[in-house]
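Work through the exercises below with the model open beside you. Try each task before reading its solution.

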Amino acid sequence: YMKFGLSFASFIYFFWIEVLIAITFIDLKYYIIPDSMSLGGAAVFFCFILLNKFFFNNLHTIDPIKSLLGFVSSFGVFFLLAWIYKKIAGIEGLGGGDIKLVGLNGVILGFPNVFISIFIASIIALIWHFFAKLLVFLNIDFQFELSDEEKKVHSELTSWLSEYEGKNAFQKPFPFGPHLILGAIITQFYGNNLIDWYLNLL
(Lines give C-alpha, C1' and ligand atoms only; values in the text may rest on other atoms or scores of the structure.)
Protein backbone atom coordinates (compact mmCIF):
# COMPACT_ATOMS: atom_id res chain seq x y z
CA TYR A 1 0.00 0.00 0.00
CA MET A 2 2.82 2.42 0.89
CA LYS A 3 4.38 1.93 -2.55
CA PHE A 4 1.33 1.54 -4.81
CA GLY A 5 -1.40 3.33 -2.86
CA LEU A 6 -5.05 2.37 -2.88
CA SER A 7 -5.26 1.02 -6.42
CA PHE A 8 -6.04 -2.01 -8.50
CA ALA A 9 -2.29 -2.55 -8.75
CA SER A 10 -2.13 -2.96 -4.97
CA PHE A 11 -4.82 -5.63 -5.19
CA ILE A 12 -2.86 -7.48 -7.88
CA TYR A 13 0.37 -7.52 -5.90
CA PHE A 14 -1.36 -8.39 -2.62
CA PHE A 15 -3.14 -11.32 -4.27
CA TRP A 16 0.13 -12.42 -5.93
CA ILE A 17 1.98 -12.47 -2.61
CA GLU A 18 -0.86 -14.43 -0.99
CA VAL A 19 -0.54 -17.05 -3.74
CA LEU A 20 3.23 -17.15 -3.29
CA ILE A 21 2.90 -17.69 0.46
CA ALA A 22 0.56 -20.62 -0.13
CA ILE A 23 2.95 -22.09 -2.73
CA THR A 24 5.86 -21.77 -0.28
CA PHE A 25 4.20 -23.88 2.41
CA ILE A 26 2.97 -26.46 -0.10
CA ASP A 27 6.41 -26.80 -1.70
CA LEU A 28 8.19 -27.09 1.66
CA LYS A 29 5.82 -29.80 2.89
CA TYR A 30 4.91 -31.79 -0.23
CA TYR A 31 7.66 -30.83 -2.74
CA ILE A 32 5.06 -29.92 -5.35
CA ILE A 33 3.68 -26.71 -6.80
CA PRO A 34 0.11 -27.14 -8.07
CA ASP A 35 -0.44 -26.19 -11.71
CA SER A 36 -3.66 -24.46 -10.68
CA MET A 37 -1.60 -21.98 -8.66
CA SER A 38 1.32 -21.52 -11.08
CA LEU A 39 -0.08 -21.76 -14.61
CA GLY A 40 -3.60 -20.92 -13.46
CA GLY A 41 -2.24 -17.98 -11.49
CA ALA A 42 -0.23 -16.80 -14.49
CA ALA A 43 -3.39 -16.71 -16.64
CA VAL A 44 -5.44 -14.94 -13.97
CA PHE A 45 -2.78 -12.33 -13.23
CA PHE A 46 -2.22 -11.62 -16.92
CA CYS A 47 -5.94 -10.91 -17.22
CA PHE A 48 -5.66 -8.59 -14.20
CA ILE A 49 -2.78 -6.75 -15.87
CA LEU A 50 -4.84 -6.31 -19.04
CA LEU A 51 -7.75 -4.98 -16.96
CA ASN A 52 -5.44 -2.61 -15.15
CA LYS A 53 -3.96 -1.36 -18.42
CA PHE A 54 -7.18 -0.72 -20.33
CA PHE A 55 -9.70 0.09 -17.59
CA PHE A 56 -7.77 1.46 -14.62
CA ASN A 57 -4.84 2.99 -16.51
CA ASN A 58 -2.57 2.48 -13.52
CA LEU A 59 1.14 2.80 -14.19
CA HIS A 60 2.22 0.73 -11.18
CA THR A 61 1.84 -2.61 -12.96
CA ILE A 62 3.98 -4.02 -15.72
CA ASP A 63 3.10 -3.44 -19.36
CA PRO A 64 1.14 -6.41 -20.82
CA ILE A 65 3.73 -6.95 -23.56
CA LYS A 66 6.59 -7.09 -21.03
CA SER A 67 4.43 -9.34 -18.88
CA LEU A 68 3.89 -11.78 -21.73
CA LEU A 69 7.58 -11.64 -22.65
CA GLY A 70 8.45 -12.28 -19.01
CA PHE A 71 6.34 -15.43 -18.96
CA VAL A 72 7.49 -16.82 -22.31
CA SER A 73 11.21 -16.07 -21.81
CA SER A 74 11.51 -17.29 -18.20
CA PHE A 75 9.38 -20.38 -18.76
CA GLY A 76 11.24 -21.15 -21.99
CA VAL A 77 14.73 -20.70 -20.54
CA PHE A 78 13.99 -22.82 -17.45
CA PHE A 79 12.32 -25.51 -19.56
CA LEU A 80 15.35 -25.63 -21.87
CA LEU A 81 17.81 -25.79 -18.96
CA ALA A 82 15.80 -28.60 -17.34
CA TRP A 83 15.69 -30.53 -20.64
CA ILE A 84 19.45 -30.15 -21.23
CA TYR A 85 20.32 -31.18 -17.67
CA LYS A 86 18.12 -34.26 -17.87
CA LYS A 87 19.69 -35.25 -21.19
CA ILE A 88 23.21 -34.88 -19.78
CA ALA A 89 22.77 -36.15 -16.21
CA GLY A 90 19.90 -38.56 -16.76
CA ILE A 91 17.96 -37.13 -13.82
CA GLU A 92 15.73 -34.12 -13.34
CA GLY A 93 17.56 -31.02 -12.14
CA LEU A 94 14.57 -28.68 -12.12
CA GLY A 95 11.07 -29.69 -11.20
CA GLY A 96 8.20 -28.84 -13.50
CA GLY A 97 6.63 -26.86 -10.67
CA ASP A 98 9.65 -24.55 -10.46
CA ILE A 99 9.52 -23.95 -14.21
CA LYS A 100 5.85 -22.96 -14.03
CA LEU A 101 6.44 -20.84 -10.91
CA VAL A 102 9.08 -18.86 -12.80
CA GLY A 103 6.50 -18.30 -15.52
CA LEU A 104 4.03 -16.97 -12.94
CA ASN A 105 6.64 -14.57 -11.58
CA GLY A 106 7.49 -13.57 -15.15
CA VAL A 107 3.90 -12.38 -15.67
CA ILE A 108 4.11 -10.07 -12.65
CA LEU A 109 7.72 -8.91 -12.94
CA GLY A 110 7.92 -8.80 -16.72
CA PHE A 111 10.99 -8.95 -18.93
CA PRO A 112 13.86 -8.56 -18.01
CA ASN A 113 13.16 -8.18 -14.27
CA VAL A 114 12.15 -11.82 -13.91
CA PHE A 115 15.75 -12.82 -14.64
CA ILE A 116 16.95 -10.47 -11.90
CA SER A 117 14.67 -12.35 -9.51
CA ILE A 118 16.15 -15.69 -10.64
CA PHE A 119 19.67 -14.36 -10.04
CA ILE A 120 18.72 -13.18 -6.55
CA ALA A 121 17.03 -16.52 -5.82
CA SER A 122 20.19 -18.37 -6.82
CA ILE A 123 22.30 -16.25 -4.47
CA ILE A 124 19.84 -16.86 -1.62
CA ALA A 125 19.94 -20.61 -2.28
CA LEU A 126 23.76 -20.63 -2.27
CA ILE A 127 23.91 -18.68 1.00
CA TRP A 128 21.32 -20.98 2.58
CA HIS A 129 23.25 -24.10 1.56
CA PHE A 130 26.55 -22.65 2.79
CA PHE A 131 25.24 -21.90 6.27
CA ALA A 132 23.24 -25.14 6.40
CA LYS A 133 26.35 -27.17 5.58
CA LEU A 134 28.37 -25.12 8.08
CA LEU A 135 25.83 -25.79 10.83
CA VAL A 136 25.86 -29.52 10.14
CA PHE A 137 29.66 -29.63 9.83
CA LEU A 138 30.25 -27.81 13.11
CA ASN A 139 27.37 -29.69 14.77
CA ILE A 140 26.46 -26.50 16.61
CA ASP A 141 24.46 -27.21 19.74
CA PHE A 142 22.69 -24.37 21.55
CA GLN A 143 20.37 -26.59 23.54
CA PHE A 144 21.68 -25.39 26.91
CA GLU A 145 20.06 -22.01 26.19
CA LEU A 146 16.72 -23.36 24.94
CA SER A 147 13.42 -24.34 26.46
CA ASP A 148 12.09 -27.89 25.98
CA GLU A 149 9.94 -26.77 23.03
CA GLU A 150 12.84 -24.89 21.46
CA LYS A 151 15.09 -27.94 21.93
CA LYS A 152 12.57 -30.01 20.01
CA VAL A 153 12.56 -27.47 17.14
CA HIS A 154 16.36 -27.34 17.19
CA SER A 155 16.58 -31.13 17.03
CA GLU A 156 14.15 -31.32 14.11
CA LEU A 157 15.98 -28.56 12.24
CA THR A 158 19.37 -30.23 12.73
CA SER A 159 17.94 -33.55 11.57
CA TRP A 160 16.40 -31.89 8.50
CA LEU A 161 19.65 -30.14 7.63
CA SER A 162 21.65 -33.34 8.07
CA GLU A 163 19.28 -35.16 5.74
CA TYR A 164 19.35 -32.57 2.96
CA GLU A 165 23.00 -31.57 3.27
CA GLY A 166 24.42 -35.07 3.61
CA LYS A 167 26.24 -37.28 1.13
CA ASN A 168 23.21 -37.92 -1.06
CA ALA A 169 21.94 -34.35 -1.01
CA PHE A 170 22.07 -34.01 -4.81
CA GLN A 171 19.89 -37.08 -5.26
CA LYS A 172 17.12 -35.83 -2.99
CA PRO A 173 14.31 -33.40 -3.86
CA PHE A 174 15.09 -29.81 -2.94
CA PRO A 175 12.34 -27.19 -2.73
CA PHE A 176 13.73 -24.35 -4.86
CA GLY A 177 10.33 -22.65 -4.99
CA PRO A 178 10.73 -20.64 -1.76
CA HIS A 179 14.01 -19.18 -3.03
CA LEU A 180 12.39 -18.20 -6.34
CA ILE A 181 9.53 -16.61 -4.41
CA LEU A 182 11.80 -14.60 -2.11
CA GLY A 183 13.85 -13.46 -5.10
CA ALA A 184 10.67 -12.38 -6.92
CA ILE A 185 9.35 -10.37 -3.96
CA ILE A 186 12.71 -8.64 -3.44
CA THR A 187 12.84 -7.80 -7.14
CA GLN A 188 9.29 -6.44 -7.18
CA PHE A 189 9.84 -4.01 -4.32
CA TYR A 190 13.59 -3.30 -4.47
CA GLY A 191 14.65 -4.39 -7.96
CA ASN A 192 15.13 -0.89 -9.35
CA ASN A 193 17.12 0.16 -6.29
CA LEU A 194 19.38 -2.89 -6.67
CA ILE A 195 19.91 -2.14 -10.37
CA ASP A 196 20.82 1.49 -9.61
CA TRP A 197 23.18 0.36 -6.83
CA TYR A 198 24.90 -2.11 -9.15
CA LEU A 199 25.25 0.41 -12.00
CA ASN A 200 26.80 2.91 -9.59
CA LEU A 201 29.46 0.35 -8.74
CA LEU A 202 30.53 0.08 -12.39
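The exercises go from the whole chain to single residues.

This is a predicted model, in which local features need pLDDT of at least 70, side-chain atom pairs count only at pLDDT 80 or more, and totals for chains, interfaces and linings use all residues. Residues are numbered from 1 along each chain as its sequence is written, and side-chain values use heavy atoms, with hydrogens and water left out.

**Exercise 1. Describe the chain as a whole.**

Step 1: count the elements. The chain has seven helices and zero strands. Helices (H or I, at least four residues) and strands (E, at least two) are DSSP runs, numbered from the N terminus.

Step 2: check burial. Of the 202 residues, 35% count as buried. Buried means under 20% relative accessible area, exposed over 50%, and partly exposed in between (1.4 Å probe, protein chains only).

Step 3: sort the contacts (heavy atoms within 4.5 Å). Take those between residues at least 6 apart in sequence: 78% join residues at least 24 apart.

**Exercise 2. Is S73 buried or exposed, and what does S73 touch?**

Step 1: locate S73. This residue lies in helix α3 (residues 64-89).

Step 2: compare with the cut-off. S73 counts as buried because its relative accessibility is 18%.

Step 3: follow the side chain. It reaches the backbone oxygen of G70 at 3.4 Å.

Step 4: look further along the sequence. Not counting residues up to four places away, S73 touches F111 and F115.

Step 5: inspect F111. A cis peptide bond joins F111 and P112, with omega about 10 degrees. P112 sits in the loop between α4 (96-109) and α5 (113-138).

**Exercise 3. Characterise Y31.**

Step 1: locate Y31. It is in the loop between α1 (8-30) and α2 (35-56).

Step 2: Phi of Y31 is near 60 degrees, a positive value in a residue other than glycine.

Step 3: Y31 is partly exposed because its relative accessible area is 31%.

Key
Polar contact = N/O pair within 3.5 Å; in protein donor to acceptor, adjacent residues only side chain to side chain.
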